[in-house]
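Dear colleague,

I am handing over the structure below, together with some notes on what was found in it. Please read the notes with the model open beside you.

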Amino acid sequence: MAFTRFSSPIGEILLCSDAAGLERLVLAAEQTPDPAEVVRDDEALGEARDQLLGYLAGRRRHFSLNLAPGGSDFQRQVWSALLRIPYGETRTYGQLARQLGREGAARAIGAASGANPLPLLIPCHRLVAADGMGGYSGGIELKRRLLVLEGSLGRE
């Protein structure tokens, strides 16, 4: 397993991967210690770093990286649905629940989104509440910045 950490316009980012792909991204990673069970390998994770920095600079709309987030079957189903929300668009928790055939499961959708180990790469920031922003692991201000970057703030 390998990790890298790097500065970005939204603060320090920590990325971890294994042979299957990227498994964890930590936002605001200044206070996160280096993982003990992995080796720092900036070169091996250079493409992921470059794609993330390109996205944050507004030059990239999609990622072409191997993702290996783990999680339960339900979480992976939600994360897969998040990957299908186009850049510049948002969905509500309820809309995503209906799309997945789980009417009334908006809270469960929110919990799965909140457990997303690869924010930005799996765009959980595109999931909003019916009456506002909803939560975000990186904080509401960062969620707002990402939605402004993508041009979707205020659109349903």
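**Aromatic pairs**

There are 2 aromatic pairs in this predicted model, where the rings of Phe, Tyr and Trp (its six-membered ring) are paired if their centres lie within 6.5 Å, and where planes under 30 degrees apart count as stacked, over 60 as edge-to-face and the rest as tilted. In one of them, the ring centres of Y55 and F63 are 5.5 Å apart and the planes stand at 50°, so this pair is tilted. Y55 is also paired with Y87, with 6.3 Å from centre to centre and 90° between the planes, which is edge-to-face.

Because the model is predicted, local features need pLDDT of at least 70 and side-chain atom pairs count only at pLDDT 80 or more, while totals for chains, interfaces and linings use all residues.

**Around F63 and Q51**

F63 is placed in the loop between α1 and α2. Leaving aside residues up to four places away in sequence, F63 touches Q51, L52, Y55, L120 and L121, contact being heavy atoms within 4.5 Å. F63 and A81, 18 residues apart in sequence, have a C-alpha to C-alpha separation of 15 Å.

Q51, which lies in helix α1, is buried with a relative accessible area of 1%. With residues up to four places away in sequence again not counted, the residues touched by Q51 are R60, H62, F63, S64 and L65.

**Helices α2 and α4**

How do α2 and α4 lie to one another, and at roughly what angle do they cross? Their axes come within 9 Å and cross at roughly 85°, the axes being lines fitted to C-alpha atoms, for helices over the stretch in contact, with angles that run from 0 to 180 degrees between N-to-C directions. That makes α2 roughly perpendicular to α4, on a scale where angles under 35 degrees count as roughly parallel, over 145 as roughly antiparallel, 65 to 115 as roughly perpendicular and the rest as oblique. F74, Q75, V78, W79 and L82 of α2 make the contact with A108, I109, A112 and S113 of α4. By class, this contact of α2 with α4 has 7 nonpolar, 2 polar and no charged residues; here Ala, Val, Leu, Ile, Met, Phe, Trp, Tyr, Cys and Pro count as nonpolar, Asp, Glu, Lys and Arg as charged, and the others, Gly among them, as polar.

Within α4, the residues I109, A112 and S113 are buried. Seen down the axis of α4, the buried residues fall within an arc of 100°, so they line one face of the helix, the arc being that of the directions from the helix axis to the C-beta atoms. R107, A111 and G114 are exposed on the other side of α4. The cover over the buried residues of α4 includes α2, α3 (93-99) and β6.

**Positive phi values**

Most residues other than glycine have a negative phi. A28, although not a glycine, has a positive phi of about 50°; A28 is found in the loop between β3 (21-26) and β4 (39-40) and is partly exposed, with a relative accessible area of 43%. L120, also a residue other than glycine, has a positive phi near 75°; L120 lies in the loop between α4 (106-114) and β6 (127-128) and is buried at 1% relative accessibility.

Key. Residues numbered from 1 in each chain as written. Heavy atoms only, no water. Helix = DSSP H or I, 4+ residues; strand = E, 2+ residues; numbered from the N terminus. Buried < 20%, exposed > 50% of the residue type's maximum accessible area, 1.4 Å probe, protein only.
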